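Here is a briefing on one structure. It takes up pockets, confidence and a helix in turn.

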Amino acid sequence: MANIAHFSLKTDDSTEYFFITLPKRNLTMKKYTLLLLCAALSSAHAQKTLSVTSPDGNLKMDVIVNKQISYNLIDNGDTIMKGCKIALDIKGENHQASLITSYRKKIKENVNTPLYKFRTISNEANSLTLKLRRNLNVEFRAYNEGVAYRFATRNTKGEYFIENETADFVFTGNHTAWLPYSTNEKNPKAMAFQATYTVAPLSDSKNIEAFLPATVDCGKAKVTILESDVEAYPGMFIKGSTNKLQSEFAQYPKTFDYYPWRMQKYVTSTEDYIAKCRGDRTFPWRILAVSHDDTEMPTNTLVYKLASPSRLNGDTSWLRPGKVAWDWWSEWGLSGVDFKSGINQQTYKYYIDFAAKNNIEYIILDEGWYNPKSGDMLTVIPELNLPELVEYGKKKNVGIILWTVFNVLDKQLTEACKTYSNMGIKGFKVDFLDRNDQEGVEMTYRIAEECAKYRL
């Protein structure tokens, strides 16, 4: 009769138990133990494949766990992406992935979307969450219009550092890609995030970072790479090669300096990690929007669906979308007027008159209404009387928006919001961030939150 032996293997935060039937043969216990250990290790690190499919059944992600996590993307039976590796590397921890368990859920809801391109959107997806060792989860979602995934930490206390995040987008061929490259060759991650898209095969990709969104033509379908819910974390850049795009992130800033002509803050050195975190949190969604017709691209709603809910508590009554008459566009160059155009009362009253006549909701006072070299947006140049301009615009139903440099506003944030909200200013045009690191992202949230308090 056979004997039953058991063996336990402790790995990280979990113990796995293995049971093996031992036949009555003349083998030593030492040999049995060796066989048992080999079987246990083989089972613990065996490759596992799980799948999640879109509600309509057309899109599928095969998720492979084998020391590292990767996925394949299948569209209507055709594999269009394969071996896309993903990882979140926490400094000082083992980076190997090991699966504890997985669970699934269905998402189906209608979402009200005020001030969006639709009044409501349907949020329907199938979700697969992997619970990993190292206190990490990764959730995958499949929608009819694309797929997405994101990492999350659990049972995490104190401060920790994200050394890097791997997000490989590997395609099954040398496809044509639309990439908006950085315009700053010396420091590619410090730029204005505005560029003309370069259209070329992936193999012809430039050796410089591009920003999002980016699109790859896979033949029957196009895949657009996006991100959502980026908070207290750097935004993603990508670099191309023969058949893939690979993520890159700005390092966490360490030291700064200022450009004197605008007192614009910029990074001069960085840390050896990309993000500084504390406690449990979720990380940004990595989105692959799939379109079979180009008309599907501008109607894709995945970024909105995957973003955090609005923090305005449902009150959007004070938000008034609209167009703007922009002084910088024409360099204040007015012709056929009986005054000297420039940054002065007469010019801006003329802009207000023009906006009112043409049903334009706002005008912007761009750079120059305060002395940019001063870094002080609470002191208006003597040529302008802002309260008078606000009242003049109010009579004609034209609001005024003020330009400012991001760090200048951030430095005087509460006082500036309070002062200009009380005056009747409608909002700020926040300029020259030119960064996508964690501190830059945090600043945008901080500014948005304080402005919302004062209905700016």
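**Second largest pocket**

The second largest pocket has a lining of 24 residues, and Asn187, Lys189, Ala190, Val267 and Asp434 lie nearest its centre. The model is predicted: local features need pLDDT of at least 70, side-chain atom pairs count only at pLDDT 80 or more, and totals for chains, interfaces and linings use all residues. Residues are numbered from 1 along each chain as its sequence is written, and side-chain values use heavy atoms, with hydrogens and water left out.

- The second largest pocket holds about 500 Å³ of space.
- A pocket is an open set of points on a 1 Å grid over the protein atoms alone, where a 1.4 Å probe fits, with protein on both sides within 12 Å along at least five of seven lines; lining residues have an atom within 4 Å of a point.
- A volume is the space filled by probe spheres set on the points, which are joined across faces, edges and corners.
- Strand β19 (residues 264–270) gives the largest share of this pocket's lining, seven residues.
- Strands (E, at least two residues) and helices (H or I, at least four) are DSSP runs, numbered from the N terminus.
- By class, the lining of the second largest pocket has ten nonpolar, eight polar and six charged residues.

**Largest pocket**

- The largest pocket has a volume of about 1700 Å³.
- It is lined by 48 residues; Ser310, Arg311, Leu312, Thr316 and Leu319 are the closest to its centre.
- α7 supplies the largest share of this lining, eight residues.
- Elements that each supply at least two residues include β7 (99–112), β8 (120–132) and α2 (302–306).
- The lining of the largest pocket divides into 24 nonpolar, ten polar and 14 charged residues.

**Helix α6**

- In α6 (residues 413–423), Leu413, Ala416, Cys417 and Tyr420 are buried (under 20% relative accessible area, 1.4 Å probe, protein chains only).
- They cover an arc of only 95° around the axis, so they sit on the same side of α6.
- Glu415 and Asn422 are exposed (over 50%) on the face turned away from the buried side.
- The cover over the buried residues includes α4 (386–395), β24 (399–405), α5 (406–411), β25 (427–431) and α7 (438–453).
- Gly424 follows α6, with a positive phi near 105°.

**Confidence**

- Average pLDDT (the predictor's confidence in each residue, from 0 to 100) is 91 for the protein, and 90% of the residues score at least 70.
- Residues 7–22 stay under 50 in pLDDT; the model has 46 contacts (heavy atoms within 4.5 Å) for them beyond four places in sequence.
- Residues 34–44 have pLDDT below 50, with 14 contacts in the model beyond near neighbours in sequence.

Key: Arc of directions from axis to C-beta. Nonpolar A, V, L, I, M, F, W, Y, C, P; charged D, E, K, R; others polar.
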